[in-house]
Amino acid sequence: MDRRKHDLVTIYNSLFERFGPQHWWPGETPFEVIIGAILTQNTSWKNVEKAIASLKSSGNFSPKKLYDLPIDTLAGLIRSSGYFNIKAKRLKNFLSFLFDEYKGNLDDMLKENVSLLRNKLLKVNGLGPETVDSILLYAGEYPVFVVDAYTKRILIRHGLAAINSGYHEIQALFMENVSEDTQLYNEYHALIVRVGKDLCKKIPLCNLCPIEFDLQK
DNA sequence: GACCAGGCACATC
DNA sequence: GATGTGCATGGT
């Protein structure tokens, strides 16, 4: 077997044995997944949970109501998620896209051809590759691998990626070596985020990383 | 009080 | 094309 393939499988198995199923995405509906994906940009999930709770308790937690809400009001409701002004704009940008292209119907949007939808979403200002792929995987249930800062660090840490690798390079590494399976990609990314929280944050590529993957066998 | 969190766009060189 | 910076709250 190819070494990279072997290592990627071993890392997954080590993580799953250690942490078990993560039950992602932590949201109930595709709409909630998408709102969360935008709000969690460079932000801890705890802060996002508060923002989502405040949106819900305001009675505006639907595409139409958020679309109609004044942007300042929206910003106030998501205050706890940080970057609230810019994130309010990003939510509005997404909602405008949803109404312009699909009349506000999320099911219709998610039924779109995946690679076409991916390209369209990437054109929405404020939606980058990680946010878009999170939407495709966790709201659309398409087998698209989500790459984040932890993913890159772990791969570099284990000699599977170069320090200057870009998003799509790393994504391709997974998608070419790990079988294209929505549930597998779901769990793998969730486990990486789970272990990422334990990695040494002060020293890049710290050799004292508490998680040791046995890549020898 | 520093440092970080499940990014992204934009300015500048 | 690479590198730097603003965005901002809440937890450690």
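User: What classes of residue make up the surface near DNA strand B?

Analyst: In this predicted model, the surface near DNA strand B divides by class into nine nonpolar, 11 polar and five charged residues.

User: Is Asn42 buried or exposed, and why?

Analyst: Asn42 counts as exposed because 7 other C-beta atoms lie within 10 Å, and the cut-off for exposed is 12 or fewer.

User: Which other residue has a positive phi, near 55 degrees, and where is it?

Analyst: That is Lys103, a residue other than glycine whose phi is near 55 degrees, and its place is in the loop between α6 (84–102) and α7 (106–111). Lys103 is exposed as well, because it has 9 other C-beta atoms within 10 Å.

User: Where should I look for a cis peptide bond?

Analyst: A cis peptide bond joins Trp24 and Trp25, with omega about -5 degrees, and Trp25 lies in the loop between α1 (3–19) and α2 (30–39).

User: Changing topic, how is chain A split into domains?

Analyst: The domain assignment gives chain A a domain 1 made of 3–23 + 145–196 and a domain 2 made of 30–139. Taken over C-alpha atoms, the centres of domain 1 and domain 2 are separated by 25 Å.

User: How many residues does each domain put into the contact?

Analyst: Domain 1 puts in seven residues and domain 2 puts in six. On the side of domain 1 that touches domain 2, helix α12 (residues 182–196) gives the largest share, three residues, and by class the residues of that side are four nonpolar, two polar and one charged.

User: What about the largest nonpolar core, which members touch the most others?

Analyst: The largest nonpolar core has 48 residues, and Val33, Ile34, Ile38, Ile78, Leu91, Phe94 and Ile135 touch the most other members. This core draws at least three residues from each of domain 1 and domain 2. As a general point, nonpolar side chains tend to be buried together in soluble globular proteins.

User: Take Ile135, what does it touch?

Analyst: Leaving aside residues up to four places away in sequence, Ile135 touches Val33, Ile34, Ala37, Leu121 and Gly140.

User: And Thr73, buried or exposed?

Analyst: Thr73, which lies in helix α5 (residues 71–77), counts as exposed because it has 12 C-beta neighbours inside 10 Å. The C-alpha atoms of Thr73 and Val9 are separated by 46 Å, the two residues being 64 apart along the chain.

User: Before I use the coordinates, what is the mean pLDDT, and where is it below 50?

Analyst: Chain A has a mean pLDDT of 91, and 91% of its residues reach 70 or more. The pLDDT is below 50 over residues 202–211, a stretch that has 10 contacts in the model beyond near neighbours in sequence. It is also below 50 over residues 213–217, where the stretch has eight such contacts.

Methods
Residues numbered from 1 in each chain as written. Chains lettered and ligands numbered in written order. Predicted model: local features only at pLDDT ≥ 70, side-chain atom pairs only at ≥ 80, totals over all residues. Domains from an automatic or database assignment. Contact = placed C-beta atoms within 7 Å. Helix = DSSP H or I, 4+ residues; strand = E, 2+ residues; numbered from the N terminus. Nonpolar A, V, L, I, M, F, W, Y, C, P; charged D, E, K, R; others polar. Buried ≥ 20, exposed ≤ 12 C-beta atoms within 10 Å, placed from the backbone. pLDDT = per-residue confidence, 0-100. Core = buried A, V, L, I, M, F, W, Y, C linked by C-beta atoms within 7 Å.
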